[in-house]
Amino acid sequence: MSLAVSLNGVRPDVPGLLRRHWPLLPLAATVLFLLAPLPAGDATASGKVGPADAASLLLVFVCAVQALRGRVRALTPLGVLVLGTPAVGLAVATVTAGDPYAALPGFVRYLQVFVLVPAAVVLLVRDAGEFRIAAGCFVVLALVQGAVGVVQYATHTGASYQGEDIRAVGTFGPGDVMGMATVVAYGLVVATAGALAPGLPRRVRRIAGCCALALVLPLVLSFSRGAWIATFGAAVLVMVLAGIRRALQVLVALGAAGVVLVGGLGVGSEMVAERLTSITQVSSAPDQSVTDRYTMWAAAESMWRERPAVGVGLKGFPANRDGHSSLGLSSGSDTGGAGQAYLRQPLLSPHNMYLLILSEQGLTGLVALAGGWAALLVAGLRRTASGSRARDCGLIAVGLFVWQLTDFLYADIGGPSTVLTGVIIGLAAWWALPSPGDAGPPRGAPSAAGPVSGEVPRGRAPGVAARR
């Protein structure tokens, strides 16, 4: 899971690794560039193009160059269909929008996140070793952002929460309070999968387990109910897929960590308890944020009923929101703290990815996007349950993908961490849709020595890759 650790216990040749894996550098940069802090005092920066987005464009460019040179994995017809169909739905939603010119930025963003970046990941990641490198970047990002978040809580320099500047937001700032929670949750899921994965060396599993336990604290201090729910669901699924005995061991360890952190040390115990209680009160006594979310969900459904086939067009939700909302919708959400002044941010999306797609792209877009996600999930689960080699990659891919699909129930794309959604879809597709050449090494090529070794040089013909 790391460039610094060799599964065979031999210190790797770093220059040699860089020469063999250089096309992965833009992928690593796409993840790790999210460590760059947003400009202080600019809470709206989360909606702008950042370093990670620029790195993702470089990733797509490198993939295109490698494809022209015949040095990428081959895709099956099913892979082409799943990865390419969303582009059709996006084009239809753009052309049929009331203002196609205003919809173009949405088309570019959706194309980046749901088509180009996933396809680049699928084509450039050759084998399980490179998959683990990409997954390890998520853990590094989560550990650094989580550490910043814990310091923010301890020093009261975080985002404003219930009158105190204690909410852990990492370098994302109060304009993107879900940013740190999202990347920490990603890292926790990857680390949990690594700790449970059969076949990995014990030392690697122990390191991964320690990382998972360390990431529990910043996730708690993010006070993000959605991230808690999605992480719990993804982690439980990973544990079940890894085996009941391993699952029980991890649950005991996580339970003990939670008791020590919240119960014993009193880390945000009252606020955490209140936040947990509010999850069960979303119907009986919802707070204003929940009321706003319900109101925007209803508005999204109303937009879809108005244009069920193609929706109101990409980027059309904000313009049509007021005409479909009740008076219960507030004017925005308050943000502040973490070095930024107080600002009221407008509510520009329904905070539900499926409803956002339905309202802006109609049934055409929902089938194209969500239908492909469902296919990837089923194929990924089947391959993981079948006992395929490199099961750790399967646990990671399925865990991250389930987290994302669960989070989409009460969140949508937006902010710098959005680009990671494309990377996760790509990793899930890499696992769920094996290349025709993944069945084994070509005739005359060296046989694979294991899940990481036995890599095929990038100069081979398309579709030739090491056995996963």
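Among contacts in the chain between residues at least 6 apart in sequence, what percentage join residues at least 24 apart? In this predicted model, the figure is 78%, and the close-up views described below take up individual places in the chain.

**Figure 1. Overview of the predicted chain and its secondary structure.** The model, which is predicted, is built from 16 helices and four strands. Of the 468 residues that make up the chain, 52% count as buried. The chain exposes about 19,400 Å², and carbon and sulfur atoms supply 66% of that area.

**Figure 2. The largest nonpolar core, with Leu-420 as one of its residues.** The largest nonpolar core of the chain comprises 115 residues, and those with the most contacts inside it are Phe-114, Phe-138, Met-353, Trp-373 and Leu-420. Helix H5, which spans residues 100–124, gives the most to this core, contributing 13 residues. When neighbours within four places in sequence are left aside, the contacts of Leu-420 include Thr-30, Val-31 and Leu-34, and also among them are Phe-138, Leu-141, Val-183 and Tyr-186. In soluble globular proteins, nonpolar side chains tend to be buried together.

Figure 3. Gly-422 belongs to helix H16, which runs over residues 418–432. Because its relative accessibility is 0%, Gly-422 counts as buried. Once neighbours within four places in sequence are set aside, Gly-422 is in contact with Val-113, Val-117 and Pro-118. Between Gly-422 and Val-115 the C-alpha to C-alpha distance is 7.7 Å, although the two are 307 residues apart in sequence.

**Figure 4. The salt bridge between Arg-109 and Asp-53.** A search of the whole structure finds four salt bridges, and in one of them the side chains of Arg-109 and Asp-53 meet at 2.8 Å, N to O. This pair links distant parts of the chain, with Arg-109 in helix H5 and Asp-53 in helix H3, 56 residues apart. Arg-109 counts as partly exposed because its relative accessibility is 22%, whereas Asp-53, at 5%, counts as buried.

**Figure 5. The salt bridge between Arg-132 and Asp-392.** The side chains of Arg-132 and Asp-392 meet in a salt bridge with an N to O distance of 2.6 Å. Arg-132 lies in helix H6 (residues 128–155) and Asp-392 in helix H15 (residues 391–407), so the pair ties together parts of the chain that are 260 residues apart in sequence. Arg-132 is buried, its relative accessible area being 3%, and Asp-392 is buried as well, with a relative accessible area of 2%. Side chains of opposite charge can pair when their charged atoms come close.

Figure 6. The side chains of Glu-301 and Arg-305 meet in a salt bridge at 2.9 Å, N to O. Both residues lie in helix H12 (residues 288–306), where they are four residues apart, about one turn of the helix. Glu-301 counts as partly exposed at 35% relative accessibility, while Arg-305 is exposed, with a relative accessible area of 57%.

Figure 7. Not counting residues up to four places away in sequence, His-324 touches Ala-299, Ser-302, Met-303 and Glu-306. His-324 and Thr-295 are 9.2 Å apart in space, C-alpha to C-alpha, and 29 residues apart in sequence.

**Figure 8. A nonpolar surface patch that includes Phe-61.** Leu-58, Phe-61 and Val-65 form a nonpolar patch on the surface, and together they have about 270 Å² of accessible area. Phe-61 has its place in helix H3 (residues 51–68) and, at 54% relative accessibility, counts as exposed.

**Figure 9. Cysteines in a chain with zero disulfides.** The count of disulfides in the model comes to zero. Cys-211 is in no disulfide, since the nearest cysteine sulfur, that of Cys-210, is 7.0 Å away and the cut-off for such a pair is 2.5 Å. Cys-211 counts as buried at 16% relative accessibility, and Cys-63 is buried too, with a relative accessible area of 7%.

Definitions and conventions. Residues numbered from 1 in each chain as written. Predicted model: local features only at pLDDT ≥ 70, side-chain atom pairs only at ≥ 80, totals over all residues. Heavy atoms only, no water. Core = buried A, V, L, I, M, F, W, Y, C linked by side-chain atoms within 4.5 Å. Buried < 20%, exposed > 50% of the residue type's maximum accessible area, 1.4 Å probe, protein only. Helix = DSSP H or I, 4+ residues; strand = E, 2+ residues; numbered from the N terminus. Contact = heavy atoms within 4.5 Å. Areas by Shrake-Rupley, 256 points an atom, 1.4 Å probe, with all protein chains shown as cover. Patch = residues over 30% accessible without salt bridge, like charges linked within 9 Å, V, L, I, M, F, W, Y side chains within 5 Å.
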